[in-house]
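Walk through this structure one step at a time.

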Amino acid sequence: VNNPNVQPRTLGELAHLLGGAVIGDEQLLICGIAKIDEAGHHDLTFLTNPKYAKKLTASKAGALLANPGVTWDRPVLQVKDPYVALGKLLDLFYPQPEVVKSGIHPTAVLEESVTLGVNVRIGALCWLGHDCQIGDNVTLYPRVVVYPGVSIGEDSLIHAGVIIRENVQIGKRVIIQNGAVIGSDGFGFAADAGEFRKIPQVGTVIIEDDVEIGANTTIDRATMGKTVIHRGTKLDNLIQVAHNVEIGENTVIAAQTGISGSTKIGSQCRIAGQVGFVGHITIGDRVMIGAQSGVPHSIPDGEIYSGYPAMPHADWLKLTAYLKRLPELFQKVKEFEKKIP
Amino acid sequence: VNNPNVQPRTLGELAHLLGGAVIGDEQLLICGIAKIDEAGHHDLTFLTNPKYAKKLTASKAGALLANPGVTWDRPVLQVKDPYVALGKLLDLFYPQPEVVKSGIHPTAVLEESVTLGVNVRIGALCWLGHDCQIGDNVTLYPRVVVYPGVSIGEDSLIHAGVIIRENVQIGKRVIIQNGAVIGSDGFGFAADAGEFRKIPQVGTVIIEDDVEIGANTTIDRATMGKTVIHRGTKLDNLIQVAHNVEIGENTVIAAQTGISGSTKIGSQCRIAGQVGFVGHITIGDRVMIGAQSGVPHSIPDGEIYSGYPAMPHADWLKLTAYLKRLPELFQKVKEFEKKIP
Amino acid sequence: VNNPNVQPRTLGELAHLLGGAVIGDEQLLICGIAKIDEAGHHDLTFLTNPKYAKKLTASKAGALLANPGVTWDRPVLQVKDPYVALGKLLDLFYPQPEVVKSGIHPTAVLEESVTLGVNVRIGALCWLGHDCQIGDNVTLYPRVVVYPGVSIGEDSLIHAGVIIRENVQIGKRVIIQNGAVIGSDGFGFAADAGEFRKIPQVGTVIIEDDVEIGANTTIDRATMGKTVIHRGTKLDNLIQVAHNVEIGENTVIAAQTGISGSTKIGSQCRIAGQVGFVGHITIGDRVMIGAQSGVPHSIPDGEIYSGYPAMPHADWLKLTAYLKRLPELFQKVKEFEKKIP
């Protein structure tokens, strides 16, 4: 799909940029990137899900981005990792428009002792409490709230409606989608003669470099100490991260998952959507967990778990297959009963 | 319950307005509408859930709104569809107060090239990016954020705290409840040597006419192309709609349901709460899905599914009945073992 | 962990404050409170989860807060209820900083006829609709939205980004975390020839005294009448409370739970995370419900339920144990089949 503000490129130029090779016409002009069924003659298309391969024949795409070895009846741009290349091409053909101008919008409210780096952009109607530190090249979209004592590392991008609570530390190149809340009070109460007394939540939250946090996700501050999201981890929308949780590096968690208090999740994990973790457990590194699983205990490194309650994925597959045959089993036992009095 | 700002009406007048008939005193004065156990002598009550029929005798209601054929020891206003009539009566007796005055509040911030229709209401502390188009009679409550390039169709009503991201298109008569986020980045990353590189989400979201979206619901923009909510569909609170999802016309989805990327849901579906759909599947038209179901594959038109993993509802009912008898089955097999060595 | 703004206290002083007793050096100076593995020589530590008792030996803590009867090789501050005492000590050593100054920030917008108590704090960029009543000592953090006709009781604390809709009543000492929405429209539509007509939601929400509501939680207003959260109840983040729900006193509900319309939940209940309740049911007092349970029917007082669908917890434990042995059962029946033709 054509972006009128961006100049077309030849396939050869794109191959040069990405370190790839063209099989076919290097001079073919590419004006945009598009999905198989939406691409036109001057679009480059791609295949990240093999499910859609059968749609290739009917596609109007001018060329295909694919792994080395893949050929087609039209030009192919072969690269080592097409999905990573796709990200680079989207940045090239569809650069993000400038929404927030450089400087501080006159309607933003900054309390005393706010430290600002160079080239900071602070949108309309933002509020920054006292003693905040905003790093170089940080963008706050309109209507961001930053409580006192917060620091935000350089090149981070905070979308409209985000709220960052007191003393939270945000790393570099962090992206926070709209409406996320970082540092709300953890859910801690002491039962006292049938009523509940609030346990003050005096800890904080640390969001390390290169983390992305989804829309309307909530990350509670620690009771004492810190809730930590380590470097490179990506959280989707509407996720709940309770107080004192720690999530390792480069872990990916899909929408609506909930992690109870003091649970630790390792690095390089892949957690699907709507999963629930009880509190005070430890999930190892490189663990994969299927959608809607309910995780009641710790899981060692490298395991794949699914189900409610969660179990090794192979067991869960076996169990669900057996469950389908349960009526048949009851029938068989009934027949035995007739034969054996 | 009496609204002091609205004049009472006789049952006869109401019957005329709704195209219904009165069985009993047409001159009975009705001052308000109320639930069975809260209604007084000058309230009209109703019966939309038969579970509550036994409460009628003890009710103090002056009259009953019901289907043709229903009688009572007090006057009955008979109409073809009492629930639709109830909606009209509530509009009549409890008109929405004017919260936002006509015009643009002086604290709202509008960037350049915003186009406004007639009779637009823009509340305090709103922010509208450049090149937005706001249709006739649109109301933005205070503190709405509209990124650049958005269009909002006539008669739409956007509640406080809503965020509409760049280039999103909103139809006519759309209602968006507080805190919803429309057009946040989809959750797309390419694995690259153990780290994740963001795939720019350069698509958009289309919300068609007569859609309603619940509080704090999140609808992600497409990676490329569009995420679409078709005409007349109603989404409840805290729902997650991932990138490139498409939801058909007049479908109803209850709270906390999550729909993964590129999944298509048909028209006239009824989806209960806390349901999860995996990505890249197709749900037909007129499908009904029970609460908390986990849907791992496509479902044809007209089916009723439940369970985790989701299966035809009748199978799920049978399975849960068998599960209750599982201890008994184990016991029987144990007894066989004794008899058959 | 040391808070430089707070003076150290001797163990003896703390015992006096809390009505406890010191076993060991009463003159030991305490500078802060910390978790077992983070405490230093001048920190008091505590043991609320017995799982962590084995960490005591390695701890560097100067003293331990514990039940009467507990001794250690270092001083022990014995109190009747250590968890309640912990809350008091955290308030003492880490008092909340003043974020919002007394008075009304000049960027806040107040419509006509707003009534303000004494010592009210209204932060930057707040909006209050006409005819609101704000009690004594209430704090609205920056960017709170209050629709017309709302009342907020004395000493309540409303965090940034909260939205309180028209006519909602908030009690005294209520705490609402960031991004929560109180009083959004309930999800009510009448099917009318294949389309849905909105049923106006003309009721309201009552939040009684001492309630706490978590971040991005949504509480819908009643269709008619009221949605009620009774005194002392605590709701975690991302919870959905539908129209006309009623939740009793001193009930605790964990994150991401959803309660469908008109359901009543009793007092003193403990509901775990990601639980779903269907509509129009009644949950008794002192009921406990396990994480991710799906509750399809009413539950009497004092019961403990778990599972999907929810059943008495003991039955659920038994069922999940049997499910693990299901493959073995199939195997046995297969062997019978060989023996009995």
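Between chain C and chain B there are 27 residue pairs in polar contact, counting pairs with both residues at pLDDT 80 or more. That threshold applies because this is a predicted model. Salt bridges across the interface of chain C and chain B number 5. One of them joins the side chains of C:Glu112 and B:Lys101, at 3.7 Å from N to O.

Which elements of chain C supply its side of this contact? Strand 21 (181-184), strand 22 (189-192), strand 23 (195-198) and strand 26 (218-220) of chain C each give at least two residues to the side that touches chain B. By class, the side of chain C that touches chain B holds 33 nonpolar, 24 polar and 14 charged residues.

Now take the extent of this contact. Chain C contributes 71 residues and chain B contributes 70 residues. The area buried between chain C and chain B is about 5,500 Å². Carbon and sulfur atoms give 64% of that area.

Turn next to chain A and chain B. Here the contact takes 71 residues from chain A and 71 residues from chain B. The two chains bury about 5,500 Å² between them, and 64% of that lies on carbon and sulfur atoms.

Chain A and chain B share 5 salt bridges. In one of them, A:Glu212 pairs with B:Lys198, and the closest N and O atoms are 2.9 Å apart. Polar contacts link 27 residue pairs across the interface of chain A and chain B, both residues being at pLDDT 80 or more. Several elements of chain A each supply at least two residues of the side that touches chain B. They are helix 2 (82-93), strand 28 (234-235), strand 31 (252-253), helix 3 (313-324) and helix 4 (326-339) of chain A. That side of chain A has 35 nonpolar, 21 polar and 15 charged residues.

Chain A can be laid on chain B by a turn of 120° and a shift of 0.0 Å along the axis, with an RMSD of 0.1 Å. For chain C on chain B, the turn is 120°, the shift along the axis is 0.1 Å and the RMSD is 0.1 Å. That is how a three-fold axis relates copies.

Finally, look inside chain B. An open sheet of 5 strands runs in the order 2-7-6-5-4, and its pairing is mixed. Strand 2 (21-23) and strand 4 (32-33) of chain B are the edge strands, each pairing on one side only. Strand 6 (residues 63-66) and strand 7 (residues 76-78) of chain B pair in the parallel sense over 3 bridges. B:Leu64 stands opposite B:Val76 in strand 7 of chain B.

Key: Residues are numbered from 1 along each chain as its sequence is written. Chains are lettered from A and ligands numbered from 1 in the order in which they are written. Side-chain values use heavy atoms; hydrogens and water are left out. Two strands pair if DSSP finds at least two bridges between them. Helices (H or I, at least four residues) and strands (E, at least two) are DSSP runs, numbered from the N terminus. Copies are superposed by least squares on the C-alpha atoms of residues with pLDDT of at least 70 in both. Contact means heavy atoms within 4.5 Å. Buried area is the accessible area (1.4 Å probe) that two parts lose on being put together, summed over both. A salt bridge is a side-chain nitrogen of Lys or Arg within 4 Å of a carboxyl oxygen of Asp or Glu. A polar contact is a pair of N or O atoms within 3.5 Å; within protein, one must be able to donate a hydrogen and the other to accept it, and residues adjacent in sequence count only if both atoms are side-chain atoms. Ala, Val, Leu, Ile, Met, Phe, Trp, Tyr, Cys and Pro count as nonpolar, Asp, Glu, Lys and Arg as charged, and the others, Gly among them, as polar.
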